[in-house]
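Subject: Structure for you to look at

Hi,

Here is the structure I promised to pass on. Please open it next to this message and follow along.

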Amino acid sequence: MLFHDVVTADDPATPPALAAGGVLHLRRGGTSVVIDLDVAPHPAIVHWGEELEGSSEQSLRSLAVAARPQRVSGGLDEPARATLVASPAGGWLGTPGLEGHRDGASFSVRLELVGVQADDHGARLSLVDREAGLSAELELTLGTAGLLRQRLTLRNTGDSPYTVQHLHLAFPVPWDATEILDTTGRHLRERSPQRHPFGYGTYLRESRRGRPGADATLVLAAGRPGFGFERGRVHALHVAWSGNHRLIAERSVSGEAFLAGGELFAPGEVVLAPGESITSPDVVGSWGDGLSEVAHRFHDEWRRRPAHPRRARPITLNTWEAVYFDHSLERLTALADAAASVGVERFVLDDGWFDGRRDDTAGLGDWYVDTEVWPDGLHPLVDHVLARGMEFGLWVEPEMVNPDSDLARLHPDWILRARTTLPPSARQQQVLDLAHDDAYDYVAARLHALLAEYPIAYLKWDHNRDLLDAGSGPDGVARVRAHTLALYRLLDELKAARPDLEIESCASGGARVDLGILARTDRIWTSDNLDPLERLVNQRYTALVVPPEMMGMHLTSPVVHSTGRTVDLDFSAAVALFGHVGIEWDLTRTDDETRRRIAAWVEYAKRIRPLVATGRTVDVDGTEPGIDVRGMVAPDGTSAVFTLTQTDTTVAYPPGRVRIPGLDPARHYRVRLVGGPSSAAAQSELPWQTYDTTVTGRELDAVGLRPPVQYPQRSTVIELVAQD
Ligand code: DGJ
């Protein structure tokens, strides 16, 4: 980014231009960020949110002054502010932005502003603490859709090692943001939302699993009480990092509330040698009138990246739930035939193909095709798949190792551990020390060799255990950060070597979902839970950050493996529609009629995938309990697809009208049922079903229409096409 100099002062003791009343106004994507440069010792954000159109420099200065606190009894003579990297030496009594020390001493930090470079949507602030021997560059960037990114590079300018303990970047939120929303979860139930009052004190969400984890919060959001998807001002923060991290919501009795985020370091994990620096992950803030607007900023910006997957998302069949570890050429070629017959475009061979991997107790690390199961390698299967017009994808879990593997027997020192004993076992596996040069080279060489030998279009990159006690050896140092950076390097190198290769980030389902991994991969495996009823929640909250076309959504077999629930095919298919569609089902056991129905859904998913890949997500608030309404609207408003899902029975019978918002208010749309009531799910015909129903977007939002009467756990898909 090009910046023009606004203010620079080499000597922090004499910042004359700053004293004159500096205010920065960054504007882009419907968002304004106003920064008061006069706050000591370094700037504070006065406003982040609605674009302040027409604000003059004078009014912004007045705004900055109006935000300043006054002296009160029992307080400091010069009241402190929640500045961008606040610290006690600057008077801040809340959670500091930066904490560190030099072997226990020199713990005090006071970063002073010495220089500002800025243009209309970005600023780079130079900060210095000469006494502490630290300097920092803080970058604030407003993206095209109004996402606010902060990133800080901290340098040790002293002459002894400096240990960084905490480094967070703060994003102030309006004082009336008194309700918090975050997510939690577990394997098979990621991103379950929870809400609570945002009171005084600190609300802290930490991720200590070496990967975000199924329980991680994808965003920490604070808004006006009752904010929903459609309405209610809300601000949300995400840390674009695949390792340990923290998100903080803090309300101070000094009248300031903020969200903050950053990496979480183990003791001694980051020690900067003299002259050395560390750059934080991007901490990304979005805001909106409702959560949908928060999500749209993420989606819009992410989709504009040059690396965004633009090719139509291939309909995928993944073999895991179809065959688990029961691999044989015969079984898998039959599955490939069945997949091709319903229109699948990518066939992915999951876990179980490599040396010694007959179950989940052994083999991880030995990335050679198992010659007992595959005497001719994977070639016969791959050729078969390609001959049926499908791409071939392969499952790998490169960061892991089973103690029962040749790799672990040969190189026990390549396993992450912090003691003489190994960390607690999980799924009978341990984590490879990817930051160890030889371990890295081995894994990279095996992956390159596989990619060279087979025409692999896609890697399903799995990660099935947490990094616990992850060190470089009994006397070593903590390795989560180094591991995460090594992973990024490996992914970047693979992508650079094979630009057409697509990679999925899977981690026991959706335990590694963040914009750090999504910057280097093409989709996430959203969850191992394929139950459409539970997926409704998981997908809605994952899509707060992740664009739908990057979320793997698969049709389940009729009896869901994770919940035991028997589900309707049309329901499962409809719930998978607004994502990267696939199938997780042994199709060799399906009859002709079932395959015909699957093929029809696959064809429909192909028809609407351009809309899914570019459209706006709509999540409808206020539907009566038992009904879920959501949709995708084309960016130009010409068409939309909605699903009306009966999650449970409703009290009203037939149910009351549901609104269909998000369309162009002035346009007329013809509304058509696509699927659902044509099946056994329909209990009676809707009057508008046989009528030429053409209504405006405004009418659909304000008034709505009667949903079908359906059995619980059924969906109806409706299409809306603009007529003018
Ligand atoms: C966990 C993944 O989430 C599953 O989809 C599957 O790939 C298994 N691992 C294989 O071990």
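Start with one pair. The side chains of R233 and D176 form a salt bridge, with N and O 3.3 Å apart. R233 has a relative accessible area of 16%, so it counts as buried, the limit being under 20%. D176, at 33%, is partly exposed.

One caution: this is a predicted model.

In general, side chains of opposite charge can pair when their charged atoms come close. How many salt bridges does the structure hold? The count is 62. Here are some to find on screen.

D433 pairs with R479, and their closest N and O atoms are 3.2 Å apart. Again, distant parts of the chain are linked, this time 46 residues apart. D433 lies in the loop between strand 26 (430-431) and helix 8 (437-453). R479 lies in the loop between strand 27 (456-461) and helix 9 (480-497). Are these two residues buried or exposed? D433 is buried, at 2% relative accessibility. R479 is buried too, at 18%.

D492 and R520 form another salt bridge, at 3.0 Å from N to O. D492 belongs to helix 9, while R520 is in the loop between helix 10 (515-518) and strand 29 (523-525). They are 28 residues apart. D492 is partly exposed, at 34%. R520 is buried, at 18%.

There is also a network. Salt bridges link R311, R313, R346, E391 and E502.

**The barrel**

Now look at the strands. Which strands close into a barrel? There are eight, in the order 22-23-24-27-28-29-30-31, and their pairing is parallel. On average, neighbouring strands of this sheet are turned by 30° against each other, direction ignored.

Strand 22 (residues 316-318) and strand 23 (residues 346-349) are joined in the parallel sense by three bridges. N318 has V348 in strand 23 as its bridge partner. Helix 6 (residues 379-387) packs on the sheet and touches strand 23 and strand 24 (391-396). The direction of helix 6 makes about 140° with that of strand 24.

Helix 12 (residues 569-576) lies across strand 30 (551-556) and strand 31 (580-584). Helix 12 runs at about 175° to strand 30.

**A hairpin**

Go back towards the start of the numbering. Strand 2 (residues 23-28) and strand 3 (residues 31-36) run antiparallel and are joined by six bridges. L26 stands opposite V33 in strand 3. The hairpin has two residues between its strands, and G29 takes a positive phi near 55° there.

**A patch on the surface**

Last stop. W175, Y200 and V253 make a nonpolar surface patch of about 400 Å². Where is Y200? Y200 is in the loop between strand 13 (189-197) and strand 14 (201-207). Its relative accessibility is 57%, so Y200 counts as exposed, the limit being over 50%.

Best wishes

Note on methods. Residues numbered from 1 in each chain as written. Predicted model: local features only at pLDDT ≥ 70, side-chain atom pairs only at ≥ 80, totals over all residues. Heavy atoms only, no water. Patch = residues over 30% accessible without salt bridge, like charges linked within 9 Å, V, L, I, M, F, W, Y side chains within 5 Å. Areas by Shrake-Rupley, 256 points an atom, 1.4 Å probe, with all protein chains shown as cover. Salt bridge = Lys/Arg side-chain N within 4 Å of Asp/Glu carboxyl O. Helix = DSSP H or I, 4+ residues; strand = E, 2+ residues; numbered from the N terminus. Buried < 20%, exposed > 50% of the residue type's maximum accessible area, 1.4 Å probe, protein only. Pairing = 2+ DSSP bridges. Axes fitted to C-alpha atoms, helices over the stretch in contact; angles between N-to-C directions. Contact = heavy atoms within 4.5 Å.
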